[in-house]
Amino acid sequence: MHELLREAVRRAEGRSPEPSAGVADSQSVKADATVTFTSRGYDAGKKINGRKSTCSPTPSDVPAVLVTPASTTDRDAARILLQSFA
């Protein structure tokens with residue numbers, strides 16, 4: 001149902017029913033001492049030792065979320081998310 005509504009809205013706006021671009025965004029969060037060291041990383045840009053959550057809309061516009069060590073680059077996290085759609 002959601003996909004049909006999205007397509008109808010895009011057609012009404014004179015756009016292609018399928019999106020041609022997407023956006024990935026991430027947020028680094030400090031990790032508590034109880035979080036295992038192997039699941040954390042250091043985000044040098046934000047000076048945070050912890051985890052990073054990356055969010056990207058799927059083809060049906062429902063967000064997909066990936067949690068990685070904070071040292072994971074946005075490019076690498078987005079690549080992992082995009083592979084999950086294939």
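This is a predicted model: local features need pLDDT of at least 70, side-chain atom pairs count only at pLDDT 80 or more; totals for chains, interfaces and linings use all residues.
A few ground rules come with it. Residues are numbered from 1 along each chain as its sequence is written. Local features need a pLDDT of at least 70 and side-chain atom pairs count only at pLDDT 80 or more, while totals for chains, interfaces and linings use all residues, and side-chain values use heavy atoms, with hydrogens and water left out.

**Salt bridges**

Side chains of opposite charge can pair when their charged atoms come close. Here that pairing is called a salt bridge when a side-chain nitrogen of Lys or Arg sits within 4 Å of a carboxyl oxygen of Asp or Glu. The structure has 5 of them, and the table lists some, including two made by Lys-52.

| Pair | N to O distance |
|---|---|
| Lys-52 and Asp-43 | 3.9 Å |
| Lys-52 and Asp-74 | 3.3 Å |
| Asp-76 and Arg-79 | 3.5 Å |

Let's start with the link between Lys-52 and Asp-74. Lys-52 belongs to strand E3 (residues 48-57) and Asp-74 to helix H2 (residues 74-85), so their pairing ties together parts that are 22 residues apart in sequence. Helices (H or I, at least four residues) and strands (E, at least two) are DSSP runs, numbered from the N terminus.

For Lys-52 the figure is 7%. Asp-74 is partly exposed, at 42%.

Shared partners, meanwhile, join Asp-43, Lys-52 and Asp-74 into one network of salt bridges.

What does Gly-50 touch, leaving out residues up to four places away in sequence? Its contacts (heavy atoms within 4.5 Å) are Val-29, Lys-30, Ala-31, Ser-39, Arg-40, Gly-41, Pro-69 and Ala-70.

Helix H1 covers residues 2-12 and includes Glu-7. Arg-6, Glu-7 and Arg-10 are the buried residues of this helix. Seen down the axis of H1, they fall within an arc of 95° (taken from the directions from the helix axis to the C-beta atoms), so they line one face of the helix.

Glu-7 is buried but has no salt bridge: Arg-11, its nearest side chain of opposite charge, is 4.1 Å away. Charge here counts Lys and Arg as positive and Asp and Glu as negative, with His and the chain ends not counted. Beyond its neighbours within four places in sequence, Glu-7 contacts Pro-17 and Glu-18.

The other side of H1 has Leu-4, Leu-5 and Ala-12 exposed, with Leu-5 at 51% relative accessible area. Just after the helix, Gly-14 takes a positive phi of about 75°.

How values were computed:
Buried means under 20% relative accessible area, exposed over 50%, partly exposed in between (1.4 Å probe, protein chains only).
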